[in-house]
Amino acid sequence: MPSDIEIAQSAELKPIVDIASKLGITEDELELYGKYKAKVTPSVWERVKDNPDGKLVLVTAITPTPAGEGKTTTTVGLSQALAKLGQKVSFAIREPSLGPSFGVKGGAAGGGYSQVIPMEDINLHFTGDIHAVTTAHNLISAMIDNSMQQGNEHNLDPRRIVWRRVMDLNERALRSIVIGLGGKANGVPRETGFDITVASEIMAILCLSTDLMDLKERIQRIVIGYTYDGKAVTAGDIGAAGSASVLLKDAIKPNLVQTLEGVPAFIHGGPFANIAHGCNSLQATRL
């Protein structure tokens, strides 16, 4: 049997406009990322939100076999089987993180003849959503340190900052670091570290938000640290919510691709399951 990558690279992709038409989504309701990837605009939900709900099948709690048959492979295979039976079907899964993709686990686009494509694009930068989450998260981090540098009006205790930094790679050397070294101009020295982007609270919030305003309101409530007398300080308190939200204005829109057999696939968001809810975005699921 050919390898996963050989199968994916030999597939004949259909234009994403044609894939979207299977769901009644028009070209005007797409933001194209080339011929085979697109983001779905909020206007689609506004148009269909009063339609009767379809049937929802949840695939979960499957430990991958040595051959790689886990949640994604099962979901893709089931969806293609339903399509073969004449059902109108689509599905939603998480976006792969570069950390696991370049680690022992590998990519997250399915396996064998149950894959989403273009596989390489999906497993790498895709439409940039995870990079946007990285930037939004680290903007808040930078604003925390700037707030302490510029007089510390919120009385933040540098020993009790709970908001760290993120990057979308496995990098154990940066898990625990000291920042602010090099003199007064470089900030307040303190301990912090990096987590992987998909463990960010921003990623979890992105996947639970119904629209951009809901996203902003949720970011405002994030606790980023505590004062010397133990009071919580939020992202809203330091004025970071609006800036972080605008960085996510495109990332909040679901991505549409296809399977090897042309079944529409929404791939959006990717919070880790060991520290968050571990499933794709609410917006992708409700479509």
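This is a short walk through one predicted protein model, from the overall fold down to a few residues.

Residues are numbered from 1 along each chain as its sequence is written, and side-chain values use heavy atoms, with hydrogens and water left out. Because the model is predicted, local features need pLDDT of at least 70 and side-chain atom pairs count only at pLDDT 80 or more, while totals for chains, interfaces and linings use all residues.

I start with the whole protein. The secondary structure comes to eleven helices and 14 strands. Helices (H or I, at least four residues) and strands (E, at least two) are DSSP runs, numbered from the N terminus. The radius of gyration is 21 Å, close to the 19 Å that the globule rule gives for 287 residues, so the protein is as compact as a globular protein of that length. That radius is taken over C-alpha atoms, and the rule is 2.2 Å times the number of residues to the power 0.38. Along the principal axes, the C-alpha atoms fill a box of roughly 65 × 45 × 35 Å.

Of the 287 residues, 46% are buried. Buried means under 20% relative accessible area, exposed over 50%, and partly exposed in between, with a 1.4 Å probe and protein chains only. The protein exposes about 14600 Å², and carbon and sulfur atoms supply 54% of that area. The areas come from the Shrake-Rupley method with a 1.4 Å probe; for residues, only the protein chains shown count as cover.

Now contacts and charges. Among contacts in the protein with a separation of 6 or more, 67% are between residues 24 or more positions apart. Contact means heavy atoms within 4.5 Å. There are 28 positive and 31 negative side chains, and the centres of the two sets lie 3 Å apart. Lys and Arg count as positive and Asp and Glu as negative, with His and the chain ends not counted. Each charge is placed at NZ of Lys, CZ of Arg, CG of Asp or CD of Glu.

Next, strand 5. In a regular strand the side chains alternate between the two faces of the sheet. Strand 5 covers residues 114-117: S114 and V116 point one way, Q115 and I117 the other way, and all are buried.

Which strands pair with strand 5? One is strand 4, residues 110-111, which runs antiparallel to strand 5 and is joined to it by two bridges. Two strands pair if DSSP finds at least two bridges between them. G111 has S114 as its bridge partner. Strands 4 and 5 form a hairpin with two residues between them, and G112 in the turn has a positive phi of about 60 degrees. The other is strand 13, residues 255-259, which pairs with strand 5 in the antiparallel sense over two bridges. There, the bridge partner of I117 is Q258.

That brings me to the backbone geometry. Most residues other than glycine have a negative phi, and most peptide bonds are trans. P118 sits in the loop between strand 5 and helix 6, residues 119-123.

F126 has a positive phi near 50 degrees and is not a glycine. F126 lies in the loop between helix 6 and helix 7, residues 129-149, and counts as buried at 9% relative accessibility. N152 also is not a glycine, and its phi is positive at about 55 degrees. N152 is in the loop between helix 7 and strand 6, residues 156-161, and at 18% relative accessibility N152 counts as buried.

Last, the region of strands 8 and 9. G180 is in the loop between strand 8 (177-179) and strand 9 (190-192). G180 is buried, at 14% relative accessibility. Leaving out residues up to four places away in sequence, G180 touches N186, G187, V188 and P189. From G180 to D50 is 130 residues in sequence and 52 Å in space, C-alpha to C-alpha.

E191 and S90 are 101 residues apart in sequence and 46 Å apart in space, C-alpha to C-alpha.
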